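Visitor: I would like to learn how to read a structure like this one. Please take me through it feature by feature.

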Amino acid sequence: MPSPPTAVIVEDEDLLRSELRDQLVTLWPELRIVAEAADGVSALRAFNEHRPDVVFLDIRIPAMSGIEVAELVSGRAHVVFVTAHQEFAVAAFEQGAVDYVVKPIETGRLAATVSRLKERLAHHPPDLTGLLAQLRAATDGEKIRWIQASVGNKIRIIPTEEVIYFQSEAKYTRVAADRGDMHIRRSIKELTEQLDPAAFWQVNRGIIVNIARVEEVLRDGDHLSIRLRGRPEKLPVSHPFHHLFRRT
Amino acid sequence: MRYSQEVLGEFRGVGSPLALIAALVVAGVAWHGGPGSLWSARAAQLLSTYFLAFVGLSLTRASIPWPQHFAVPLGAAIAIPGFSALWPAIAVQALPSMSGPPHSFAFDYGLGLVFTEALILPGIFARRANEDRRDAERVRHARELEQQTHLKQLAEMRLKALQAQIEPHFLFNTLANVQHLVRTSPADADRMLESLIRYLKSAVPQMRSGASTVGEELARVEAYLAVMRVRLGDRLRYEIAVPSALNGEPLPPLSVVTLVENAVRHGIEPRPEGGSIRVEGSADGQSLTLRIVDDGVGFTSELGDGIGLTNLRDRLAAIHGNAASLDLAVRQPSGVEATLRIPLGLATDA
C-alpha cells in the first residue's frame, strides 16, 4: 500500500494554523500533517527533515517571505498558497497552475482544492519559478518612499518627499534635505530605478531632483539650470535632460 | 447691461436724495416765480444742469484711476454751468417780458456750478466706493474658493486615510481567527469580535468631524492591539502609558494608530520571536508629544517602501504647517521610535 500523503503547514498565526489543520483533518483524513511552522526558517527546516508531498504556505510569514520558501521547495513538493487577500491577480493562479486557499477558509473551496491536490499527487511537483518571478515582481515593484541615513550621531529616517535632491559624490550619494544633508551608499543609477519617476527627475549625470521643489528654471542661452525651494544653489541641467523643462 | 444697472444703482443711491432736493428747489422756484418768470427759466436751467451732470457721471468709466476721475467733474464744472448759464441769457433775449431779478452771468454760472458739483462729486465718490467694494468682494470670493478647495483637499485626504485603514489583510485575517474561535472558544470569539467592531467603528465618526482626541485615538489603538494580541499571542507585548490628563487634547484622526499599525506590521510581525510596543505621551507648555516605540526589526536597509506615512504627514502639514512634526529614528539594538509633535489645543482638520 502506498504511504499516505504528507503535508507541512506554514502559517504564523496560531489560530489560523489550527483552523487549517482542523479543516484538513475533516476533509482529507488520509493526509498526515507531519509538521507545522510559524516562520520561513522553521519551514525550510521542517521541509528538509520530513520531505512532505504538500506544503501549505502562507505568503506573509516572518524571517523569510512565503515566496522565498516556495522558490526553495519548488519542484520538490506541491505548494498551496494561503492568503488573506487575493492581491496577486496573476495569470498562473487564474489558470490553476498552482492552488491557493483564501482566508477565512470556506470549506467548499478547500474541498475543491483537496480533490485537485489528490489528482496532482499522481504527478511530479511542477516547477514554479516563472510564476514566483511574477509574484516577486508584483511585490518588489513598489517605489521607495523613505531613506535611512546617519545624520550626526543619530540615524534618521526621512520620507522621500522631504528630499530636495540627490547628488553623487566620490564614494557616496549626498541626500539634500530640509533637516540637513545626509549620505547613503545607493548610486544615482540605482536610485533612478527605485524612485518614483513622477516625483523625481534626473537632471544630469550626477543629480536627481524632487520636482515638487523646483522653483525656478534659469535659461542662459543654451545653458539650463534650476533652483530649488529651500536651497540657494543652481543645479545644471545637461542637454539630454533639457526636454524635461521645455515650455509647453 | 450690468453697467447701466450699476449706474442706475448709483443714481438711486446718491442721485435720489439730491434729485429730490433739486426737484423741490426747482418746484419752489418755479412756483415762486410763476410760469413766465425768469425763475422758471432758472428752474429749467437747474433741471438741465442736473440732467447733464448725470450724463457726465454715467460717462465716467469705472476703471479710470483716481486722478483722471476728477477730469470729469472738472470738465463738467466748466462746461455745464457755462452752458446752463446761457439759458437765462437766451430766455431774457427771447422773452423780454420775463420778470424776476436780472441775471448776471457770474450769478448764473455760480448757481449752475454749485448744482453740478453737488451732484457729480458725490456720484464720483459713490462710484469709487462701489468699485472698492466690488474689488474687496472679489478678493473675499477668491479666498472663499481657496478655502473651499483646501477643505475639499483635506476631505479627500481624510477619505484616503480612511480607505487605507480598513485594510483587507487585517480584516480577513482577523475574521479567519474569529472563525476558528467560534468553534473552539466562543467566549474568546465574542471578545475578539468586540475589539474588531470597536476598531472599525471608531474611525468613522472621527473622520466625519475631522478632529479626534488623544483619548479616542488611544481607544482605537487599544482595540487594534487587543485584536493583534489574540492573533500573534506571546509574539506581541504592548503597553500604553499616556497620562489620562491628556485624553481631551485634540489630534488629527488616525494619527497614532497609523504609527502603531506600522510598528506591528513592519516591526513585530516579521520577527519570529515578535517584540514589544510602547505608546508614551507627554505635554509641555506648547506641544503634545506622542511616542510610539518598538523593538522590532526596524529598518533593515537604507531604502524602503510604503510605510504609509505620506497621508499622515500631508495632513499634519495641511493643518499645522511647520508647527507639527513626525520624526522616525532607529533604535539600538533594533526597532523604531516614531515621535509625533503637535501644538496643544488646535488640531482640527476642519
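Guide: Start with a rule: a salt bridge is a side-chain nitrogen of Lys or Arg within 4 Å of a carboxyl oxygen of Asp or Glu. Keep in mind that this is a predicted model. Now the case: B:R235 and A:D12 meet through their side chains in a salt bridge, at 3.3 Å from N to O.

Visitor: How many salt bridges does the rule find across the interface of chain A and chain B?

Guide: Side chains of opposite charge can pair when their charged atoms come close. Across this interface, the rule finds 5 salt bridges. Over all chains, the count is 33.

Visitor: Which side chain of chain B meets A:E162 in a salt bridge?

Guide: That of B:R313, at 3.2 Å from N to O. This pair crosses between chains. A:E162 lies in the loop between β7 (154-159) and β8 (163-168) of chain A, and B:R313 sits in helix α10 (residues 310-320) of chain B.

Visitor: Are A:E162 and B:R313 buried or exposed?

Guide: Buried means under 20% relative accessible area. A:E162 has 16%, so A:E162 counts as buried. B:R313 has 13%, so B:R313 is buried as well.

Visitor: What does the interface of the two chains look like in numbers?

Guide: Read contacts, then area. 39 residues of chain A are in contact with 37 residues of chain B. The two chains bury about 3,500 Å² between them, and 53% of that is on carbon and sulfur atoms. In chain A, the residues that lose the most area to chain B are A:L15, A:W146 and A:I157. Together they make up 21% of what that side buries.

Visitor: Which salt bridge does B:D327 form within chain B?

Guide: B:D327 meets B:R341, at 3.7 Å from N to O. The pair links distant parts of the chain, 14 residues apart: B:D327 is in strand β7 (residues 325-330) and B:R341 in strand β8, both of chain B. B:D327 is buried, at 17% relative accessible area. B:R341 counts as partly exposed, at 31%.

Visitor: Which residues are joined into one network by salt bridges that share partners?

Guide: A:D14, A:R17, A:E19, A:R21, A:D22, A:E36 and B:R183. Take one link: A:D22 forms a salt bridge with A:R21, with 3.9 Å between the closest N and O atoms. A:D22 is partly exposed at 24% relative accessible area, and A:R21 is partly exposed at 28%.

Visitor: Where is B:P343, and what does B:P343 touch?

Guide: B:P343 is found in strand β8 (residues 336-343) of chain B. B:P343 is buried, with a relative accessible area of 14%. Leaving out residues up to four places away in sequence, B:P343 touches B:Q286, B:S287, B:H320, B:A323 and B:A324. B:E249 is 94 residues from B:P343 in sequence, yet their C-alpha atoms are 9.9 Å apart.

Visitor: In what order do the strands of the open sheet in chain A run?

Guide: Strands of a sheet pair through backbone hydrogen bonds, either parallel or antiparallel. Here 3 strands run in the order β13-β14-β15, and the pairing is antiparallel. β13 (214-220) and β15 (234-237) each have a single partner strand, so one side of each is left without a neighbour in the sheet. Neighbouring strands are turned by 30 degrees against each other on average, direction ignored. β13 and β14 (residues 223-228) of chain A pair over 6 bridges. In that pairing, A:E216 stands opposite A:R227 in β14.

Notes:
Residues numbered from 1 in each chain as written. Chains lettered and ligands numbered in written order. Predicted model: local features only at pLDDT ≥ 70, side-chain atom pairs only at ≥ 80, totals over all residues. Heavy atoms only, no water. Helix = DSSP H or I, 4+ residues; strand = E, 2+ residues; numbered from the N terminus. Buried < 20%, exposed > 50% of the residue type's maximum accessible area, 1.4 Å probe, protein only. Contact = heavy atoms within 4.5 Å. Pairing = 2+ DSSP bridges. Axes fitted to C-alpha atoms, helices over the stretch in contact; angles between N-to-C directions. Buried area = accessible area lost by both parts, 1.4 Å probe.
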